[in-house]
Amino acid sequence: LDPFSGSATTGIAASLLGRKYLGLEVEDEFLSMSKARREEIENIQVRSEYLERLAKAKNILPPDIFFVAEEAKHDYNVPW
């Protein structure tokens, strides 16, 4: 939950990492920007390019591999 989502950077990151997100914003300018950014990452090619850039920048695995947990260790295998 992001009660002051602005341009939805947190929402974009959550989406790219396969997480659920709820953003709230009262400013029309930021709402328009957030909607445009969300629509942009729904395009498979754009989404793939974002993920490739993240992988190169941080040497991380694709999002579907991030959240594999071993019950005994509670190791969620996240990149941070």
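**Close-ups of a predicted model**

View 1. E42 and R38 sit 4 residues apart in helix α2, so about one helical turn separates them. (Helices are DSSP runs of H or I with at least four residues, numbered from the N terminus.) Their side chains meet in a salt bridge, 3.2 Å from N to O. That term means a side-chain nitrogen of Lys or Arg within 4 Å of a carboxyl oxygen of Asp or Glu. Search the whole structure and you'll find 1 salt bridge. This is a predicted model, where local features need pLDDT of at least 70 and side-chain atom pairs count only at pLDDT 80 or more, while totals for chains, interfaces and linings use all residues. Residues are numbered from 1 along each chain as its sequence is written, and side-chain values use heavy atoms, leaving out hydrogens and water.

**View 2. Where α2 meets α3.** On the α2 side you'll see E40, I41 and E42, which meet I44, V46, R47 and Y50 of α3; contact here means heavy atoms within 4.5 Å. By class, this contact has 4 nonpolar, no polar and 3 charged residues. (Ala, Val, Leu, Ile, Met, Phe, Trp, Tyr, Cys and Pro count as nonpolar, Asp, Glu, Lys and Arg as charged, and the others, Gly among them, as polar.)

View 3. For the protein chain the mean is 79, with 72% of residues reaching 70 or more. Confidence is highest in α2, at a mean of 91, and lowest in helix α4 (residues 63-66), at 52.

Technical notes:
Helix = DSSP H or I, 4+ residues; strand = E, 2+ residues; numbered from the N terminus. pLDDT = per-residue confidence, 0-100.
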